[in-house]
Amino acid sequence: MKESAKLTFKILGTLALIEGSFMVPCVFAAVYYEEYDCAKPFFTCSLLAICFGLVIKGLTKTGHKNVLTRESYLIVILSWLFCILLGMMPLYCSGQDYTFMTSLFESVSAFTTTGCTAINLDIVPKAILLWRSISNWLGGMGILVLLIAIFPMWGISNQSIANAEMPGAKLEKVEASYSTIGKFLYRAYLTFTAIQFVLLYLGPMDAFTALITSFSVISTSGVTITADSAFMFESGYVKAIITAFAFLSSLNYVTFFMMIRGKFKGAFKNIELKIYCMIILVSTLFVTLVLRITGEYQSIIKAFEDAICQVVAFNSTLGFAFTDYTRWPMVCMFVLCFLMICGGCTFSTSGSLKVIRITVLFKVIKRGLMRHIHPNIINAIVVENRAIPAKIVSGIISFSLLFFGMYIILCLLLSFSGYDIETVMTTTLGMLSNTGLAMGIPGTSGSFSMFSGFSKGVMSFAMIAGRLEMYALLILFSKSFWKPNRR
């Protein structure tokens, strides 16, 4: 067997071991809540996954391996598809009459941190709710990031896999190995989760709801325990905690890494951080004023409270509906859609385009205007007093065009569902940006059960494409990928 195939099997085996281990708490939850119909499939899937992982890890021995770019993309996409398919099996076998496409949709939604659902959350077993939240927590930071932290122990060069797993525009230079950064990311991830759980549990939430909510917020997935989640946001304390941690999780985690190392000046000078904060501030003030002027809210304090919570929910791609934003003036919903496209920062759990790409795109437009005025001007794209290489600028432009091109194609495919244009366009955007929110028929419920199996397949593809930032998925359809000697 080729060394690359051995490595792929070893990674899949390790992922099966990890995912199977995380199914164990769901078995105990099913027994505790007397949901015995769910306990059996979770126990069976967990046992099979752990045994498979142990056998594969025991039989597969790998030496030192420098992973090529082509191999890294294949490993990433196979790993994600494997985790999604394994994660859907407890749902499909739970005896809840979930169809294959519904189970797949739920698993994709969880692991990609989109957070939407196609099942009735009011009657779903708690064990399944727990598994959905665990899945989005694992998918939030990326399961492969955990493996990247331990790859050096296997003698594996992890840079190519890291670039394929986290393909966002990385403009900052961090003087640390991918293994060191990977370990820090999960430490920070665990720390934020634990702190938020304690704070929510000290408030009006019970332990189960606090745990589900903490997993959901830190991964910016927006998974809730019931279709009507309004009761969760009746407390200003809960709304403040959720909004604060959603904001933290949508920031560049490398910023926290720099702060831990005492580089506070470099962390706070980050242009992406400044612009992201400015976007949230300006959007919040604008939405607040519109809501108050139009008479939608009689209290400007209440308008500000709902505005900042919903702005952060859209911008961070958290996807919580703190209020019925579909009743807001159209200009407010337009702002929210822009925030959904914008997304959070790179190296965060957020999805969509990311702030740094939006920043570079505006600088490219500005340079184009200047060249029309001064045709002979030589004007580089500068970020943080550094000229950005043309290769990176070209990559950002290509990705942005691909994002909107993919959006148009997916809108066309989803339009076969027969629903109105508002529903189709906002649903597609919610899936591709991994926000999980939409206007129109789905509204603030986050339920997409009305869509057919074909439409759920289209939405599942959109969620995976958005989570892997499209290139890692679309590259599989290239002839050159399967024929490496082809120029």
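This is a predicted model: local features need pLDDT of at least 70, side-chain atom pairs count only at pLDDT 80 or more; totals for chains, interfaces and linings use all residues.
Local features here need pLDDT of at least 70 and side-chain atom pairs count only at pLDDT 80 or more, while totals for chains, interfaces and linings use all residues. Residues are numbered from 1 along each chain as its sequence is written, and side-chain values use heavy atoms, with hydrogens and water left out.

Let me start with helix α18, residues 421–432, where helices are DSSP runs of H or I with at least four residues, numbered from the N terminus. Nine of the 12 residues of α18 are buried, meaning under 20% relative accessible area with a 1.4 Å probe and protein chains only, and among them are T423, V424 and L429. The elements that cover these buried residues include α4, α15, α17 and α19, counting contact as heavy atoms within 4.5 Å.

Turning to the pair, α9 (207–218) and α10 (236–249) pack at about 35° with axes 8 Å apart, the axes being lines fitted to C-alpha atoms over the stretch in contact, and angles running from 0 to 180 degrees between N-to-C directions. Here T213, V217 and I218 of α9 meet I242, F245, A246 and S249 of α10.

Finally, N315 lies in helix α14 and is buried, at a relative accessible area of 0%. Its side chain reaches the backbone oxygen of G343 at 2.9 Å, and, leaving aside neighbours within four places in sequence, N315 also has Y276, I279 and L339 among its contacts.

Terms used: Helices (H or I, at least four residues) and strands (E, at least two) are DSSP runs, numbered from the N terminus. The expected span of a helix is 1.5 Å times one less than its number of residues. Buried means under 20% relative accessible area, exposed over 50%, partly exposed in between (1.4 Å probe, protein chains only). A polar contact is a pair of N or O atoms within 3.5 Å; within protein, one must be able to donate a hydrogen and the other to accept it, and residues adjacent in sequence count only if both atoms are side-chain atoms.
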